[in-house]
Amino acid sequence: MRILIINPNTSVGATQRIRDAANANALTNDEFKTVCPADGPELIVTERDAEWAKKGVLQVIADEHAKYDGVVVASFGDTGALEAKALWPDLPIIGIASAAFATVKTLNCKFGIVTFGDSLIGALEAKAQCTGNGANLIGVTAATWGDVGDPGTVQTRFFEPIAELCQKMAAKGAEVIVLGGGPLAGMADRLAEHSSVPLVDGTRAAINILKACNQN
């Protein structure tokens, strides 16, 4: 399947993380292209950031969509995905938050969200609520408070705190943990040995959902 994967922020390092996570799930006949907009915020934190990034996402889809069978928007704000669906209704488009929470909803169990920065907590909790998962959400927690630095290196800089938070979230009763944020793409595999419960990677979930739609 040909899938266009868009990182709505302009962090080269985070885009590479997402690219690596996607390619790790590619089969022989898959063709994945992972890109970020030419212009936009390095990390989406505020509503202003989101509006800026949305323009970039829509421009990338406008330029590239004819070559692909589906699009993944690799941010937990699903940045621009709703608007893109309205513009290209025949093109399967899914954000990684929608994909992650659809996976959790299918499992119908208690879950927690672990992310890398406290500035993302409110948006992640709101997204869980609006996707109908609020009743099963135990909590949202972050590895650090304040400036997170380079989004492309959060996986290495915050590996130990994130692993510890996953353990604590499981101890609180979470049966599944969602890793929140595009820069954490692919981290689930490395964290698996540190977690007693399954970890949901939004990028992987989105690719799997698009593939399932393509087969139907």
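Modeller: On a 1 Å grid over the protein atoms alone, a pocket is an open set of points where a 1.4 Å probe fits, with protein on both sides within 12 Å along at least five of seven lines; lining residues have an atom within 4 Å of a point. Grid points are joined across faces, edges and corners, and a volume is the space filled by probe spheres set on the points. Here the largest pocket holds about 630 Å³. This model is predicted: local features need pLDDT of at least 70, side-chain atom pairs count only at pLDDT 80 or more, and totals for chains, interfaces and linings use all residues. Residues are numbered from 1 along each chain as its sequence is written, and side-chain values use heavy atoms, without hydrogens and water.

Biologist: Which residues lie nearest the centre of the largest pocket?

Modeller: They are Ser75, Phe76, Gly77, Asp78 and Thr79, from a lining of 33 residues.

Biologist: Is Lys127 buried or exposed?

Modeller: Buried means under 20% relative accessible area, exposed over 50%, partly exposed in between (1.4 Å probe, protein chains only). Lys127, at 18%, is buried. Beyond its neighbours within four places in sequence, Lys127 is in contact (heavy atoms within 4.5 Å) with Phe76, Gly77 and Asp78, among others.

Biologist: How many disulfides does the structure hold?

Modeller: A disulfide is a pair of cysteine sulfur atoms within 2.5 Å. The structure has zero. Cys166 is buried, at 1% relative accessibility.
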